[in-house]
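Colleague: Let us go through this model together. I will ask, and you answer from the coordinates.

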Amino acid sequence: MPLYIRDDSVNALVDELQRLTNASSKTETVCSALANEIRRQKRNKPLMERIAAIQAKGRALGLPNPAFDMKAFSDDLSDDL
């Protein structure tokens, strides 16, 4: 769905940012500005929420295999050098 900017003050802001960033188009300018704001908002998420998300991903991976032989694995990678 296309985005139409009908507000002159918003259009002026896009023009100014396009000049400052040397973007090749208004579309590139708006895309970059939105991506930067999304990154900024994600960084603003409370630390405990970010840690909880990382911990959930770790739990989803499961526990390490206790029977895994790291030495045999390393030897195999080195081709007995």
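Colleague: What share of the 81 residues in the protein chain is buried?

Modeller: This is a predicted model, where local features need pLDDT of at least 70, side-chain atom pairs count only at pLDDT 80 or more, and totals for chains, interfaces and linings use all residues. Residues are numbered from 1 along each chain as its sequence is written, and side-chain values use heavy atoms, without hydrogens and water. Buried means under 20% relative accessible area, exposed over 50%, partly exposed in between (1.4 Å probe, protein chains only). Of the 81 residues, the buried share is 6%.

Colleague: Which residue forms a salt bridge with Lys26?

Modeller: A salt bridge puts a side-chain nitrogen of Lys or Arg within 4 Å of a carboxyl oxygen of Asp or Glu. For Lys26 the closest N and O atoms are 3.3 Å apart. The pair links distant parts of the chain, helix H2 (residues 26-43) and helix H1 (residues 8-21); helices are DSSP runs (H or I, at least four residues), numbered from the N terminus. The partner is Asp15.

Colleague: Is Lys71 buried or exposed?

Modeller: Lys71 lies in helix H4 (residues 70-78), four residues from Asp75. Their side chains meet in a salt bridge at 2.9 Å, N to O. Asp75 is partly exposed at 31%. With 57% relative accessibility, Lys71 counts as exposed.

Colleague: In which helix do Arg40 and Glu37 both lie?

Modeller: Arg40 and Glu37 form a salt bridge, with closest N and O atoms 2.8 Å apart. They sit three residues apart, about one turn of the helix. That helix is H2.

Notes. Helix = DSSP H or I, 4+ residues; strand = E, 2+ residues; numbered from the N terminus.
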